[in-house]
Amino acid sequence: MVDCKYLQGVRFVAKPLKLIYQTKQNNKMKNKTEQIAKVKKVRKINEVYFVKNDILFNFQRDTDNSKIGNMIQVWFIPMEWVRAGKMLDDSKVCFDCQHGQSKDKTCYVRDGVSNLGLLSKTRKFTRIQSKLTEYSQEIENNILEMCTNEKVRFGAYGEPILLGEDLVRKITAVSSGWTGYTHQWMRKESIWARHYFMASVEGKFMNATAKKLGFRTFFVGETDEVDHITCPASAEAGKKTKCDKCTLCSGIDGKGKTSIKILPH
Ligand code: SF4
């Protein structure tokens, strides 16, 4: 027969032990939940890249640009460059742009420090070539997550029409604002771009033609030639703001209704 006092003692000790164990378990669970919430909160995608039609598409968070400000920028680089580790023909991403390397060679990205930055980006992708993958649903999800409630600049280098209407529409729907410019506004298959991008124009004739096609224009030239708003980030407007705050250059579906002008820079 077991001593009754002994049993009572067991019960007396066992109850608090159980409580202590449960409290520890609850605390562990709480900590885990808090940790998961923290990880979810701090997940910030800084870069997404993929290959499509032998072109490398690179979404890159940029926080250090004096005119642009804090925006996600999109780069288009021919895979031919990535394979060679150097810059070659640009027509695959710039089409027949007048500023391209086979024409006037006046693209501001292909000059000085910006050009070196583009070369360095190209070489970075040369080093990680084996990790580059084709466009997929997972990549699209990452792009949309990255761009949600963020400002996006379509086309840091190359033609943003390369992204296609479907992806541009999805990105602009989740972003908190965007800017974009196309030199390919005269192409029949690029007409969708007027909803999201400005037509880059130089001269009154181009300006009038792009407007007839339904585009808002970004006019580079002598600013008294056209009756547009002067870009507030321009030197002539006193650099009052940056693109991430302004986002006026966002086509007919974006912010503002008027066209923009700026002196050649
Ligand atoms: S008008 Fe606004 S968005 Fe367009 S280039 Fe100037 S500052 Fe940037």
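Trainee: Where is arginine 194 found?

Mentor: In this predicted model, arginine 194 sits in the loop between strand S5 (177-182) and strand S6 (198-201).

Trainee: Buried or exposed?

Mentor: Arginine 194 counts as buried, because 20 C-beta neighbours lie inside 10 Å.

Trainee: What does arginine 194 touch?

Mentor: Leaving aside residues up to four places away in sequence, arginine 194 touches Leu213, Gly214, Phe215, Gly251 and Ile252. As for glycine 180, 14 residues apart from arginine 194 along the chain, the two C-alpha atoms are separated by 9.9 Å.

Trainee: And methionine 198, what does that one touch?

Mentor: With residues up to four places away in sequence not counted, methionine 198 touches Gly180, Tyr181, Phe215, Arg216, Thr217, Phe218, Cys249, Gly251 and Ile260. Met198 is also one of the residues with the most contacts inside the largest nonpolar core, together with Ile77 and Phe218.

Trainee: How many residues has that largest nonpolar core?

Mentor: The core has 50 residues. Strand S3 (residues 71-78) gives the most to it, with six residues. In soluble globular proteins, nonpolar side chains tend to be buried together.

Trainee: Stepping back, how many helices and strands are there in the protein?

Mentor: Eight helices and nine strands. Of the 265 residues in the protein, 30% are buried. Taking contacts between residues at least 6 apart in sequence, 60% join residues at least 24 apart.

Trainee: What order do the strands take in the sheet?

Mentor: The sheet is open, has nine strands and runs S1-S2-S3-S4-S5-S6-S7-S9-S8, with mixed pairing. S1 and strand S8 (229-230) are the edge strands, each pairing on one side only.

Trainee: Which helix packs on the sheet?

Mentor: Helix H4 (residues 112-127) does, touching S2, S3 and strand S4 (151-157). The direction of H4 makes about 70° with that of S3.

Trainee: Back to S1 and S2. Parallel or antiparallel?

Mentor: Strand S1 (residues 47-52) and strand S2 (residues 55-62) run antiparallel, joined by six bridges. Within that pairing, valine 48 stands opposite phenylalanine 59, and lysine 52 has isoleucine 55 as its bridge partner.

Trainee: What do S1 and S2 form, and what about the turn?

Mentor: They form a hairpin with two residues between them. Asparagine 53, in the turn, has a positive phi of about 50°.

Trainee: How many bridges join S2 to S3?

Mentor: Eight, and S2 and S3 run antiparallel. Aspartate 62 stands opposite methionine 71 in S3.

Trainee: What about S7 and S9, parallel or antiparallel?

Mentor: Strand S7 (residues 217-220) and strand S9 (residues 260-262) run parallel, with three bridges joining them. Phenylalanine 219 has lysine 261 in S9 as its bridge partner.

Trainee: Last topic, the ligand. Which residues are around it?

Mentor: The residues around the ligand are Thr179, Cys231, Pro232, Ala233, Thr241, Cys243, Cys246, Thr247, Leu248, Cys249 and Ile260. Cys249 and Ile260 are also among the residues that methionine 198 touches.

Trainee: How does the shell divide into nonpolar, polar and charged?

Mentor: Eight residues of the shell are nonpolar and three are polar, with no charged residue.

Notes. Residues numbered from 1 in each chain as written. Predicted model: local features only at pLDDT ≥ 70, side-chain atom pairs only at ≥ 80, totals over all residues. Core = buried A, V, L, I, M, F, W, Y, C linked by C-beta atoms within 7 Å. Buried ≥ 20, exposed ≤ 12 C-beta atoms within 10 Å, placed from the backbone. Helix = DSSP H or I, 4+ residues; strand = E, 2+ residues; numbered from the N terminus. Contact = placed C-beta atoms within 7 Å. Near = placed C-beta within 6 Å. Nonpolar A, V, L, I, M, F, W, Y, C, P; charged D, E, K, R; others polar. Pairing = 2+ DSSP bridges. Axes fitted to C-alpha atoms, helices over the stretch in contact; angles between N-to-C directions.
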